[in-house]
Amino acid sequence: TPSSWRAIVETLSRTQQRIVADDRDESNVLVLAGPGSGKTRVLVHRIAYLVRVRRENPRSILALAYNRHAAAEIRRRLEGLIGDDARGVTVLTCHALAMRLAGVSVADRRSQPGDGLFREALDRAVALLNGTGLPPEEADEQRERLLAGFRWILVDEYQDIGADQYELISA
């Protein structure tokens with residue numbers, strides 16, 4: 001609707017509008033800007049644009065956040081822009097994605113999960129995504145199965161990720 005278009009695109013600066021409304025499908029985009037310049041806002045509006053303007057299935061979108069607080073903030077902002085459609089978008093931390101892919105859970109742990117658990121999950125998820133030990137065609141099939149349906153992967157605060165999280169995103 002016109003009001004949805006205004007909220008998603010026209011409330012942004014010209015530069016932000018060009019990024020959000022970019023219709024290229026097969027390219028990576030890096031938004032390089034200083035703190036407080038609106039990078040997370042661009043990410044949220046890009047997701048809203050994909051869902052409302054491009055009519056992408058919300059379930060085909062994965063947003064990775066630096067920590068749980070940032071993930072919750074992305075969900076909150078997204079719900080404000082696109083309402084119930086926001087529930088279909090997967091918003092996780094890199095560690096949560098790794099745990100999901102690797103089948104690792106903190107529910108079975110009696111103590112607080114530590115860095116060892118997260119490192120283990122990241123290593124296992126990267127190995128699964130890379131198809132470690134599998135022939136190339138099986139590795140590709142496995143990666144497709146693991147990422148089943150994600151067409152769009154957006155990463156918030158990319159500059160803050162560590163080497164282990166970079167491995168996951170690269171895989």
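Reply: We go through helix pairs, the sheet and a salt bridge. Keep in mind that this is a predicted model.

Me: How is a pair of packed helices described?
Reply: Two packed helices are described by the angle between their axes and the distance between those axes. Take α1 (residues 2-10) and α3 (residues 39-52). Their axes come within 9 Å and cross at roughly 150 degrees. Angles over 145 degrees count as roughly antiparallel, so α1 and α3 are roughly antiparallel to each other.

Me: What is the handedness of the crossing of α1 and α3, and which residues make the contact?
Reply: The crossing of α1 and α3 is left-handed. From α1 come S4, W5, A7, I8 and V9; from α3 come H45, A48, Y49 and R52. By class, that contact holds six nonpolar residues, two polar and one charged.

Me: At what angle do α5 and α8 pack?
Reply: Helix α8 spans residues 163-170, and its axis lies 10 Å from that of α5, at an angle of about 55 degrees. That makes α5 oblique to α8. The crossing of α5 and α8 is left-handed. On the α5 side, C94, H95, L97, A98 and L101 take part; on the α8 side, Q165, L168 and I169. Six residues in the contact of α5 with α8 are nonpolar, two are polar and none is charged.

Me: Now the sheet. In what order do the strands run?
Reply: The order is β2-β1-β3, in an open sheet of three strands with parallel pairing. β2 (90-93) and β3 (152-155) are the edge strands, each with a single partner, so one side of each has no neighbour in the sheet. On average, neighbouring strands are turned by 20 degrees against each other, direction ignored.

Me: How many bridges join β1 to β2?
Reply: Four bridges join β1 (residues 61-65) to β2, and the two run parallel.

Me: Last, how many salt bridges does the structure hold?
Reply: Eleven. One to inspect joins the side chains of R52 and D85, at 3.3 Å from N to O. R52 sits in helix α3, and D85 in the loop between α4 (68-82) and β2. The pair links distant parts of the chain, 33 residues apart. R52 also belongs to the contact of α1 with α3.

Technical notes
Residues numbered from 1 in each chain as written. Predicted model: local features only at pLDDT ≥ 70, side-chain atom pairs only at ≥ 80, totals over all residues. Heavy atoms only, no water. Axes fitted to C-alpha atoms, helices over the stretch in contact; angles between N-to-C directions. Parallel < 35°, antiparallel > 145°, perpendicular 65-115°, else oblique. Left-handed = near helix turned anticlockwise from the far one by under 90°. Contact = heavy atoms within 4.5 Å. Nonpolar A, V, L, I, M, F, W, Y, C, P; charged D, E, K, R; others polar. Pairing = 2+ DSSP bridges. Salt bridge = Lys/Arg side-chain N within 4 Å of Asp/Glu carboxyl O.
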